[in-house]
Amino acid sequence: MNYRASRLVNKAYLQLEKQNYAQALVLLQQAREKDPKSDEVCAYLGEAYILNERYDEAMQVFDDRELLKIKASHLNPYIKGYRGRVYLERGDIEEAEKLVSAAITADANEPEILLTKALIQVYKGETQSALKTMRKIDYNDPSFYYRKIKFLLDKLSKQTSENNEC
Amino acid sequence: MINLFMAFWRLRIAQVYLNKKPDKAIAILEKGIVKYPGYSFLFLHLGLAYAQKENWDKAEYHLQQACNLDPSNPVFDLFMGKVLIDGERYEKAILKLLESIEKDQNNQLSWSYLALAYLGDGDNQKFNEIVQKKPLSENHELQIRMILLLEKQIRNWNSYELQSLTVSE
């Protein structure tokens, strides 16, 4: 990754920490313009699309990344996990499960990937397993629960007000 | 006194097995409740062990027995409410958690779990009312359940739909 792209990626990660997902996405799009051949930027951009719930665009970026010369192969398991998230959102639970399991087996223990696994377990009615999976997030990111609840409460309240308007 | 000590000892042995060999823990606790039918904690832990195995009927039955043996203890109601939420028995969870709150109004965790039970039951208004009045507990077990329930609620995944999907698959 070149210097300009790297600076934008760092700025984007600061925005992700603050849950400013839209702002992070803009910065990562700019980073990609600065270094279109960086597989690393593509990986981060795909993640940002996922966090912004723009799943088709995330898949497109991940597909584009595979056409590049892969230098950051350590990110491959994470991308598998994120692809799993997209399959979950599309309702293809079987494929989602395969990808997420492969990601976690390769130690891609990102909170969002573990959450995807837990959601698959909830979907399958495996409540206790889902709770166990969720407990693992604490080791990697102790503030994830708080941030996620805040995000989901905002989302639920938006969804409720939209439904009321309809 | 010796009886109480022996019941407590049996409980500790069961707890050792609970995570790795839950069936063995259940067998120890099942024998324990026959031998010491007045020791509420054996019933409580047996209920929790059945919950771990996702045998919700037996979990509910034994937790209720624990509540009956020690009706003044709000913690038993709280545990039962939490297990009922895990088993997606939200209406019963609401009643149990209201009982717990009636016995101890200051328990923040009971209020937070009550909010969760309303959320699971689809009563977003009551969920919001509690969340606005009572700050959510920072307990991680509660936060984990809240994330999963919020995700389910936002995706409109309810048990009925999930069951029918599983069957059709």
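Which domains does the domain assignment give for chain A? The answer is domain 1 (1-73) and domain 2 (74-80 + 87-166). Please keep in mind that this is a predicted model.

**Domains of chain A**
- The C-alpha centres of domain 1 of chain A and domain 2 of chain A are 20 Å apart.
- Each side brings 8 residues to their contact: 8 from domain 1 of chain A and 8 from domain 2 of chain A.
- On the domain 1 side, α3 (39-51) and α4 (55-66) of chain A each supply at least two residues, and α3(A) gives the most, with 3 residues.
- By class, that side of domain 1 of chain A splits into 4 nonpolar, 3 polar and 1 charged.

**Where chain A meets chain B**
- Here 22 residues of chain A are in contact with 17 residues of chain B.
- On the chain A side, α7 (111-123), α8 (127-140) and α9 (144-165) each contribute at least two residues.
- Of the elements on this side, α9(A) gives the most, with 10 residues.
- The chain A side holds 13 nonpolar, 5 polar and 4 charged residues.

**The largest nonpolar core**
- This core has 93 residues, and those touching the most other members are A12(A), L28(A), L29(B), Y113(B), L116(B) and A117(B).
- Helix α7 (residues 108-120) of chain B gives the most to the core, with 9 residues.
- Setting aside neighbours within four places in sequence, L116(B) is in contact with I85(B), L142(B), R145(B), M146(B) and L149(B).

Key:
Residues are numbered from 1 along each chain as its sequence is written. Chains are lettered from A and ligands numbered from 1 in the order in which they are written. This is a predicted model: local features need pLDDT of at least 70, side-chain atom pairs count only at pLDDT 80 or more; totals for chains, interfaces and linings use all residues. Two residues are in contact if their C-beta atoms, placed from the backbone, lie within 7 Å. Helices (H or I, at least four residues) and strands (E, at least two) are DSSP runs, numbered from the N terminus. Ala, Val, Leu, Ile, Met, Phe, Trp, Tyr, Cys and Pro count as nonpolar, Asp, Glu, Lys and Arg as charged, and the others, Gly among them, as polar. A nonpolar core is a set of buried Ala, Val, Leu, Ile, Met, Phe, Trp, Tyr and Cys residues joined through C-beta atoms within 7 Å. A residue is buried if 20 or more other C-beta atoms lie within 10 Å of its own, exposed if 12 or fewer, and partly exposed in between; C-beta atoms are placed from the backbone. Domain bounds come from an automatic or database domain assignment.
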